Amino acid sequence: MRLFRQQAARQQAESALFPQSWLPHVLWMLLFLTGCAAADSPRALLDLQVNPAVLRADGTGSVTIQYHVAREAAVSLALQSTDGTRYVLRDRVPRGPGAYSFSFSGAVGGSVLPNGAYTVIATAEASGSGERTEQRHALTIANADTAPPVIAELHVAPAALSPNQDGVDDRLAISFTVSEPVAVDVHLLAGDETRWLVRESAAGPGTVRLSWPPALRHAPQLNQAVERLPAGPAAVEVAIWDRAGNRTAQRHAIDIGETGIPQVRVSDLAITPTTVQAGGILTVSARIANAGAVTLRAAPPGPATYAWGQDAPSLGYVADTGTVRWGVDFSLNRSEIGYPFRWSLGRDLAPGESILVTGEITISEDFPKEPVQLWLGVIHENNRILADKRGITRIHLVDAGG
């Protein structure tokens, strides 16, 4: 009995000396058990946050809609008004595990939603398992600008577009007026409603003017797009958005005629004679064929004969954009004018047609003493060279005495 009392007294003394020696062990055990429980409890399939809870839908405000997906799922997002109308923002978009967010300014389908109380509804359906989760968050829309912008005085010319690069009705001129700053998006709709972008930019207030297509020498990537344009009825669609996100669109009907780019084939080319004297005449001749699907528009008649040292501009033979001329260039040409000797085709050439052309150059005292190489080219004025450096021929100047 006395021994038992001694042990009890010793235990009381130890407890008094170390009153909380057991507590860290208990806390560690609780944390371990809590961690195990958390590991056994998977994260919710979907978490949703909307910030802020009030949206100023006048173009000055936005809300950030954030959601986290724990596993692969198809995610949908919608806004629902108090009368039950649902506006879809995302429809069963495949998402992998992770966080996603986007900014919402109040416009759905080109129209700003009116003031009122809404509910953001997010749903996720897990891939494979079919598990489905829905999260909701309140959102209030205030200061909504629901008035769409106005397109006034829309004009499109010509009524019949023929982008065949002949300089006639090749380009659309489009103009319209807006009363406020807007984003502009203009398309050409043709055939099966395939759209060729005309312009996408900011404009206004005031009159907006633009044209399409640009000169193809500045935008060669458009060549194939223009060639693919189908002939027949078409339309120009002008769409504008105000800063709040309201959209307005108008269409103007046009027709599309001949499209494509000029192509030529050169044959039977001769530059004669190969030895000349001052005062002599070089004759250049060739057959030029229309090898494409568009008509080659001939330039107006020009000089039949040039003197060496002259060029087409100095004789008043001005480039007529879109016309096709043929010319001669040479190896010692130090001027900024390529193919200074230029002649008209004489007449328009329909696809498959050809014509025999001839031009003359009188040799003057300025002709170089060393041999000169001459060649023929076909020029699509203010666009590109259709045939370059054909029939290169070396010409020698000889003294009159032989």
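Modeller: Happy to! Helices and strands here are DSSP runs, helices of at least four residues and strands of at least two, numbered from the N terminus. Counted that way, the chain of this predicted model has 3 helices and 27 strands.

Let us look at Asn 290, which is found in strand 21, residues 281-290. Asn 290 is buried because its relative accessible area is 3%, and buried means under 20%. Across the chain, buried residues make up 40% of the 402 residues.

What surrounds Asn 290? Leaving aside residues up to four places away in sequence, Asn 290 touches Gln 263, Thr 295, Leu 296, Leu 349, Ala 350, Pro 351, Gly 352 and Glu 353. With Ala 350 there is also a polar pairing: a polar atom of the Asn 290 side chain lies 3.4 Å from the backbone oxygen of Ala 350.

Now for the wider setting. The largest nonpolar core has 36 residues, and those with the most contacts inside it include Trp 308, Trp 326, Phe 341 and Leu 374. Strand 21 is among the elements that give two or more residues to this core, as are strand 19 (264-272) and strand 25 (354-362). A second, separate core of 28 residues includes Leu 172, Phe 176, Leu 210 and Ile 256. In soluble globular proteins, nonpolar side chains tend to be buried together.

Technical notes. Residues numbered from 1 in each chain as written. Predicted model: local features only at pLDDT ≥ 70, side-chain atom pairs only at ≥ 80, totals over all residues. Heavy atoms only, no water. Buried < 20%, exposed > 50% of the residue type's maximum accessible area, 1.4 Å probe, protein only. Polar contact = N/O pair within 3.5 Å; in protein donor to acceptor, adjacent residues only side chain to side chain. Contact = heavy atoms within 4.5 Å. Core = buried A, V, L, I, M, F, W, Y, C linked by side-chain atoms within 4.5 Å.
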